[in-house]
Amino acid sequence: MNKTNLSPIIAGTMNWGSWDKSLTVKEMENLIQICIENKITTFNLADVYGDYTTEAEFGKAYANSKIAREKLQLVSKCGIQLVTDNRNTTVKHYDYSKSHIINSAEQSLKNLQTDYLDLFLLHKPSPLMEADEIAEAVEKLKKEGKIIDFGVSNFTASQTELIRQKTEISYNQIQFSATNFEPMTDGSFDYMQMHNIRPMSWNPLGFVFREDIPQTHRLKKILATLVSKYHFGADTILLSWILRHPAKVIPIAGTINIARIQSLMKAVELELEIEDWFAIWAESMGKDVP
């Protein structure tokens, strides 16, 4: 059973640091405040973001903000070992040894200047992961109060079940959008609903506005019609499409645009009519639903 109470839409921080926007600590602090003012209280991080630098920058911004810890939720991930100046790694790989999971969580706590993580995830599955060892690390972190909930990221149903047999899994962070709808059809969402696992969706707008292909042409056409009908923006409609699914998907929005942040929660208010929901799916596939 999920112990955390995450916001209906999550702020993604992957592009806040050196991987993209290179925000200053002051700019991050301002963005955290704006998100919380707009009821986006959960922040998605990972040790690897910004080549292992963004998490600590966010932590400084959070500390400077003086926001009470109970007012926000912090999510982080571990396991990816990149070849970077900030690590001694020579080959990109994944490490899910008990010691690495524990050390990663403790380092994230230092980086974020907090006593606990609301949610801690394994970033990507590894062929060498051992469920017993992972479970031992997770149970120790929970017992010590360093993490509240545990989950996975980018795991298939069978990979998730391998770990779930040994320790409780509350979330799975996956790619899901109108252009990447496979979790609805490959059994992923069915499995998650059966086992009370909440999906979190990264890249929730898909590539609707980033690629110029027949699929996005069709989607933009139907979205234009729905924008006129509902009087909401196309991005709001796409988020609403995700939120309509009974798996209770939580979208992770990576925007740093203040106007967009201010409008994100409108998607929670909007409930698409059933035919409009299916129309978006049909246009994405380029054919009627099966």
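How much space lies in the largest cavity? About 30 Å³, where a cavity is a set of points on a 1 Å grid over the protein atoms alone at which a 1.4 Å probe fits but cannot get out; grid points are joined across faces, edges and corners, and a volume is the space filled by probe spheres set on the points. The model is predicted, with local features needing pLDDT of at least 70 and side-chain atom pairs pLDDT 80 or more, while totals for chains, interfaces and linings use all residues. Residues are numbered from 1 along each chain as its sequence is written, and side-chain values use heavy atoms, leaving out hydrogens and water.

The lining of this cavity (residues with an atom within 4 Å of a point) includes Phe-155, Asn-172 and Ile-197. Helix α8 gives the most, with 3 residues; helices here are DSSP runs of H or I with at least four residues, and strands are E runs of at least two, numbered from the N terminus. No charged residues (Asp, Glu, Lys and Arg) turn up in the cavity lining.

Then there are the pockets, open sets with protein on both sides within 12 Å along at least five of seven lines. The largest holds about 960 Å³ and is lined by 35 residues, with Met-14, Asn-203, Pro-204, Ile-252 and Gly-254 nearest its centre. Two or more lining residues come from each of α10 (234–243), β10 (250–253) and α11 (258–264).

The second largest pocket comes in at about 190 Å³.
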